Amino acid sequence: MNLYEFQGKELFKKYGIPIPDGYVISKPEEIGDNIFPAALKAQVLVGGRGKAGGIKFANNKEEAINLAKDLFSQTIKNSKVKYILIERKLNIDKELYLSITIDRSKKRPLIMASNEGGVEIESVAEEKIFMKHVDPIHGYSPYISKILTKKLGLKDNLAKQFSDLLSKMYKLFEEYDAELVEINPLVITKEGNLIAADAKVIIDSDSLFRHPDVPINLDDLTELEKIAKEANYSFVELDGDIGVIANGAGLTMATLDSLLLHGLKPRNFLDLGGTDNVDIVKNAFPLVLKANPKIIFVNIFGGVTKCDTVAQGIVMAKKEFNINLPIVVRLSGVHEEEGRQILKENGIDAFSNMPDSVKKVSEIYNSIIKG
Amino acid sequence: MVYIKKDTKIIVQGITGHQASFHSNEMIKFGANVVGGVSPGKGGTKVNGVPVFDSVEETLHLEPEATMISVPAPYVKDAFYEALDHGIKIIYILTEHVPVHDSMEMINDAKLKNAIVIGPNGPGITVVHEKTKIGIMPNHIFKKGNIAVISRSGTLTYEIVKSITDAGMGESSVIGLGGDAIVGLSFVDVLSELKKERQTKAVVMVGEIGGTAEEEAAEYIKNEFKKPVVAYIAGRSAPPGKRMGHAGAIITRGKGTAESKIKTLNEAGVEVANYPQDIPELLKKKLKT
């Protein structure tokens, strides 16, 4: 679950991590008098906001209201701006980078710090990023910040502030099941204070059962993906025109890839998962139909998901939702012959192997295109 | 022997659940030595002829060596520690959606105690030549042979295994690593087991986008693994930043793309199939030379 910057900063506040003075608004009239000069930051879940023009500066309320009106009318990387965080401008002396993430290959939390803050960390040379892993069993230890502050060249009061901030940040990371806590930039002000000017927090969606206070943000999903999520389908919207229904994440990806290698572009990823429920199969169709594909390709390797159940679901969907689009089906595995028989009786092409079925999709697609 | 052998004594935690009762029966049919099940409050009953106990402690007289955990995600960590604390050294977690911080803790702790974690969110392990399995792979796709398959997915693995079987070859072991971002076994871990294992003549790696496990495997293969390896990588068509079904199948900050994995594997001499069904041909070619 991606958090908006202002939600991340609420967590920072809860843990005592210093943040700039500020508040979030959902309409320009909510801007008050006593915050100027201020930064207005569009709240979106996608990265690269600054480059996309999502951050503005205002010296007074009038300026701020005009800028806010403009920001609220914007769409940043397909995301409509619903909230703006307005913050008192900091007197920046220096910008650092600090994050805690999960290193998949070491299977441990990883702390990364750099003096090159305020830019995308991917663009920073590796030797300028200082890294320390944390043992997840005993957790964070203060020696880690001693090493990092020395490498960063932070001394005295700043080193103390950094150590304090990092231990709080790790506590948040651990207690909130975060996949990422990132402060970029972590600002050193001219007054000598360390302040988290930005906050990027991602909470593990699988941990939400123990974090009832974490907000559910769906703004990084498309409308169709939201409907799919509501209906409990593992679904990703893509920009092609072949609707796809398959089972298993790996096989579904392989199905999309096979189409792509034939020059066909998939419209979606839809994984039925391990189910033997005819309704789950049937109800996947209206979802894919909403995406207006030119063809629907169903690719099933039967195991727990039995091929005859899938076939029944397809036949029911075709009748109930009045589907006139071409449907190409590949069924292999448990009860494949029964499944193909059911489909044949209902006039639907069914194949046993993947290459033949993808070829068929390609043929039909080309004949549609030629019109 | 890859992690389990014919007489490895297996218990199933959560055996009275819908999935676990079905799959423990399939395991028994395949030849696995399932000695007991655990389901709090259901002790004294039987599932598929297997005695059910209220706790792992009560199964200890059966000397369990391996466990399959199939309980809801919020309870996995508790079930895991119940097994680990009672000395079980092979712990397979079937459950999907285990919090990643739980997985990190469990897997790091297991390592200290010399236990092996398989999964979470994978189909388990089938050791064909030992006629045993722990997990949910369908029984009918296997034929005894000398190809090992290591995979991050479920259904796609079955597809590839069946294509190998249909092409007249067979499998030694099939190992499902799991689709999560953090899993117990990596490709490298399994390759280092297979290196010294006699039944395996060639290896199929089935990888996917996300993380760098395939790249690390490529490095290991280049330097230390002499048996022929072929691969398939799913997710060429995946857009960055989107989770493709598996929690671990996501391209983050430009890392974990299919292109990177395919390129690195090719550079290590591993041929990567364009389509899953091309795997048997690649294997035949490799085994001839």
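Because the model is predicted, local features need pLDDT of at least 70 and side-chain atom pairs count only at pLDDT 80 or more, while totals for chains, interfaces and linings use all residues. Residues are numbered from 1 along each chain as its sequence is written, and chains are lettered from A and ligands numbered from 1 in the order in which they are written.

**Overall layout of chain A**

- Chain A holds ten helices and 18 strands, where helices (H or I, at least four residues) and strands (E, at least two) are DSSP runs, numbered from the N terminus.
- Along the principal axes, the C-alpha atoms of chain A fill a box of roughly 80 × 50 × 35 Å.
- Of the 371 residues of chain A, 44% count as buried; a residue is buried if 20 or more other C-beta atoms lie within 10 Å of its own, exposed if 12 or fewer, and partly exposed in between, with C-beta atoms placed from the backbone.
- Among contacts in chain A between residues at least 6 apart in sequence, 68% join residues at least 24 apart, a contact being a pair of residues whose C-beta atoms, placed from the backbone, lie within 7 Å.
- Chain A is divided into domain 1 (21-88), domain 2 (92-210) and domain 3 (223-370), with bounds that come from an automatic or database domain assignment.
- The C-alpha centres of domain 2 and domain 3 of chain A lie 44 Å apart.

**Antiparallel strands in chain A**

- Strand E7 (residues 92-103) of chain A runs antiparallel to strand E8 (residues 108-114) of chain A, and seven bridges join them; two strands pair if DSSP finds at least two bridges between them.
- Within this pairing, Tyr97(A) stands opposite Ser114(A) in E8(A).
- The hairpin of E7(A) and E8(A) has four residues between the strands, and there Lys107(A) takes a positive phi near 60 degrees.
- E8(A) is also joined by five bridges to strand E9 (residues 129-133) of chain A, again in the antiparallel sense, and Ala113(A) stands opposite Phe130(A) in E9(A).

**The sheet of chain B**

- Chain B has an open sheet of seven strands with mixed pairing, in the order E3-E4-E2-E1-E5-E6-E7.
- The edge strands of this sheet are strand E3 (46-47) and strand E7 (116-118) of chain B, each of which pairs on one side only.
- Four of the five residues of strand E1 (residues 9-13) of chain B are buried, so this strand is largely enclosed by the rest of the structure.
- E1(B) runs parallel to strand E2 (residues 33-38) of chain B, with five bridges between them, and the bridge partner of Ile11(B) in E2(B) is Gly36(B).
- E1(B) also runs parallel to strand E5 (residues 66-69) of chain B, with four bridges between them, and Gln13(B) stands opposite Ile69(B) in E5(B).
- Strand E6 (residues 90-93) of chain B and E7(B) pair in the parallel sense over three bridges, with Ile90(B) opposite Ile116(B) in E7(B).

- E1(B), helix H1 (residues 18-30) of chain B and E2(B) make a right-handed β-α-β unit; a crossover is right-handed if, with the strands pointing away from the viewer, the path from the first strand over the helix to the second runs clockwise.
- Helix H2 (residues 76-85) of chain B lies across E1, E5 and E6 of chain B and runs at about 165 degrees to E6(B); axes are lines fitted to C-alpha atoms, for helices over the stretch in contact, and angles run from 0 to 180 degrees between N-to-C directions.

**Contacts between domains and chains**

- Chain B is divided into domain 1 (9-118) and domain 2 (137-288), whose C-alpha centres lie 26 Å apart.
- Twelve residues of domain 1 of chain B are in contact with six residues of domain 2 of chain B, and H3(B) gives the most to the domain 1 side, with five residues.
- The contact between the chains takes 46 residues from chain B and 40 residues from chain A.
- On the side of chain B that touches chain A, helix H3 (100-112), helix H4 (155-166) and helix H6 (213-224) of chain B are the elements that give two or more residues, and H3(B) gives the most, with seven residues.

Note on methods. Two residues are in contact if their C-beta atoms, placed from the backbone, lie within 7 Å.
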